[in-house]
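Thanks for coming. I will take a few minutes to walk through one structure, one part at a time.

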Amino acid sequence: MLVLGLWLTNCTPRYAAPSPASPVSGLPTGTGGQPWWNDTVFYQIFVRSFYDSDGDGSGDLKGILSKLDYLNDGDPAANDDLGVTGLWLMPIHPATSYHGYDVTDYYAIHPDYGSLDDFKLLLAEAHQRGMRVIIDLVLNHTSCQHPWFQSAQDPASTYRDWYVWSQTEPVGSGWHPSDAGFYFGIFQECMPDLNYTNPQVEAEMKNVVRFWLEEVGVDGFRLDAAKHLIEQGSIQSHSPATHTWYEGFRSDYKAINPQALTVGEVWDSSVAVKAYLEGEELDLAFSFDLAKAWILSARLGKAEEAASLLKREAGLFHPNQFAVFLTNHDQDRIMTLLADEMQKGKIAASMLLTAPGVPFIYYGEEIGMLGKKPDEMIRTPMQWSAQPNGGFTNGQPWEAVNPDFTTKNVAAQSKETGSLLNHYRKLIHLRRQYAALRIGGYLPVTASQPSILAFLRHSSSPDETLLVIINLASEPVSDFSLSLPEGPLLGSYRIAPVLAEMKLDGFTENLPATSTGGFGEYRPMTSLPAFSTIILQLLPVE
Ligand code: CA
């Protein structure tokens with residue numbers, strides 16, 4: 001169905017590794033020579049649902065600007081903000097549908113969201129606070145109402161070959177009949193796939209990328225539907241041509257800004273995801289497998305799934321060069337999957353924010369917002385307060401706020417010491433404080449009880465070692481021990497708690513390393529409370 005010959009020979013030169021240290025937009029580079037994104041906790045925002053600044057019922061860019069203090073107040077010493085250091089804005093362009101994944105103009109801002117100047121102001125203010133901003137880039141398809149597709153209805157149009165056509169009825173899924181012929185759109189009728197074997201399409205998208213990176217100054221892109229870019233015959237995902245295309249794409253965007261990030265939505269097994277991170281393709285991609293394992297472990301109160309997947313991912317990906325999350329805008333919300341059990345939500349957050357990789361939080365997750373498909377219901381307005389419409393808008397919200405806003409909201413949870421929101425805040429700030437959590441290696445620790453998930457995070461520059469212990473069960477665990485057969489430890493350690501939300505009974509302050517650099521049958525305390533997260537620092541004894 002697609003012709004590849006010209007494309008493959010016409011490929012841009014292979015990517016040359018950028019020098020990692022050149023600062024962009026005055027923002028700090030990464031710790032220990034690692035990329036900046038390893039120091040980042042991202043927050044995913046559906047703009048339409050975050051905060052409405054002008055009372056038209058739709059969230060907007062000025063709304064995000066006015067809520068920046070909630071996300072990151074720019075003062076690293078103050079811990080009363082959420083502390084996230086990156087934003088992923090879901091599509092901000094003019095589009096046909098409310099969600100924005102059917103773009104009609106890649107160079108503009110959706111009128112419901114504001115203007116390009118509003119966006120530049122938000123970006124400048126975010127940068128000022130040390131936050132990066134990435135935007136959704138919907139490469140695979142446009143809206144059927146995009147002027148390119150409208151023009152392509154005419155077989156003589158120069159835009160005709162920007163899409164994928166067939167004059168005879170094709171076999172296979174994803175084809176749609178029209179007066180102008182059959183066209184391909186893998187997702188739906190009004191999302192026609194662009195034809196990336198056409199060099200004009202590639203050149204245009206390169207312009208789009210250049211515009212946002214260079215003229216506007218975004219820090220990167222989340223790549224929507226990354227595995228579907230180019231179909232080859234019956235191959236509709238992960239085609240060799242798609243992988244080759246990303247190599248050329250990488251050399252293009254890294255030439256514009258060597259620090260720019262791409263994080264791919266490759267919704268598939270981690271083995272398939274890995275293929276995009278092996279060569280010179282994407283910087284990061286989400287691990288859907290790990291998310292599934294965390295949710296299962298949190299639901300069942302058993303560590304096995306999480307432990308086994310964490311170990312597998314650590315062996316599969318380059319250290320920390322993958323993105324982690326619990327659920328996103330295409331899935332039922334995490335707190336719905338956990339039957340609204342706040343303690344389980346805390347445990348899920350603990351796993352997410354102490355794990356290797358780059359964490360992404362879906363807006364509202366930090367206050368335990370609920371949501372079950374259809375899609376609109378997992379993208380409802382943010383619950384800011386007990387005010388009408390959850391404080392989201394002074395007008396009629398585009399979609400009703402979940403009625404539980406009267407009790408479940410930012411204002412209430414800010415005041416409550418033991419809230420889910422304050423748990424997220426604490427963990428995010430700990431991650432900012434301890435490099436081992438951000439860039440450290442991952443070493444699984446064996447626990448004597450099935451409800452305990454334990455691991456070591458260890459970085460060598462700076463030299464820092466943390467032991468994370470999570471009890472996933474609804475019951476306390478007593479008389480447990482932890483073992484690390486092999487590891488980086490040497491000599492003796494004094495143990496200092498960096499996170500413990502309770503008094504540690506029978507705390508063992510000294511830990512001698514074994515001859516293989518690990519430890520055996522360490523009993524840090526006599527009992528571990530239900531649903532508890534403990535983080536201990538191992539300080540070498542001189
Ligand atoms: Ca508005």
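Let me start with a pair of residues. Phe42 stands opposite Phe360 in β11. This is a predicted model, so please keep that in mind throughout.

Phe42 belongs to strand β1, residues 42-45. Strand β11 covers residues 358-362, runs parallel to β1 and is joined to it by 3 bridges. β1 also pairs with strand β2, residues 86-89, again in the parallel sense, over 4 bridges. In that pairing Tyr43 stands opposite Leu87. Are the residues of β1 buried or exposed? Phe42 and Gln44 on one side are buried, and so are Tyr43 and Ile45 on the other, leaving both faces of the strand covered.

Now a second sheet. This one is open, with 3 strands in the order β4-β6-β5 and antiparallel pairing. β4 (165-166) and β5 (175-176) are the edge strands; each has a single partner strand, so one side of each has no neighbour in the sheet. Between β4 and β6 there are 2 bridges. Ser166 has Phe182 in β6 as its bridge partner.

Where does Asn198 sit? Its place is in the loop between β6 (182-184) and α6 (199-216). Why does Asn198 count as buried? Because its relative accessibility is 5%, and the cut-off for buried is under 20%. The side chain of Asn198 reaches the backbone nitrogen of Gln200 at 2.9 Å. Leaving aside neighbours within four places in sequence, Asn198 is in contact with Asp161 and Trp162.

Last, a helix. α14 runs over residues 420-433, which is 14 residues. From its first C-alpha to its last it reaches 20 Å, close to the 20 Å expected at 1.5 Å a residue. Why call α14 largely enclosed by the rest of the structure? Because 11 of its 14 residues are buried. The buried residues of α14 include Leu420, Leu421, Leu427, Ile428 and Leu430. Also among them are Asn422, His423, Arg425, His429 and Arg431.

That is the end of the walk-through.

Note on methods. Residues numbered from 1 in each chain as written. Predicted model: local features only at pLDDT ≥ 70, side-chain atom pairs only at ≥ 80, totals over all residues. Heavy atoms only, no water. Buried < 20%, exposed > 50% of the residue type's maximum accessible area, 1.4 Å probe, protein only. Polar contact = N/O pair within 3.5 Å; in protein donor to acceptor, adjacent residues only side chain to side chain. Contact = heavy atoms within 4.5 Å. Pairing = 2+ DSSP bridges. Expected span 1.5 Å × (residues − 1).
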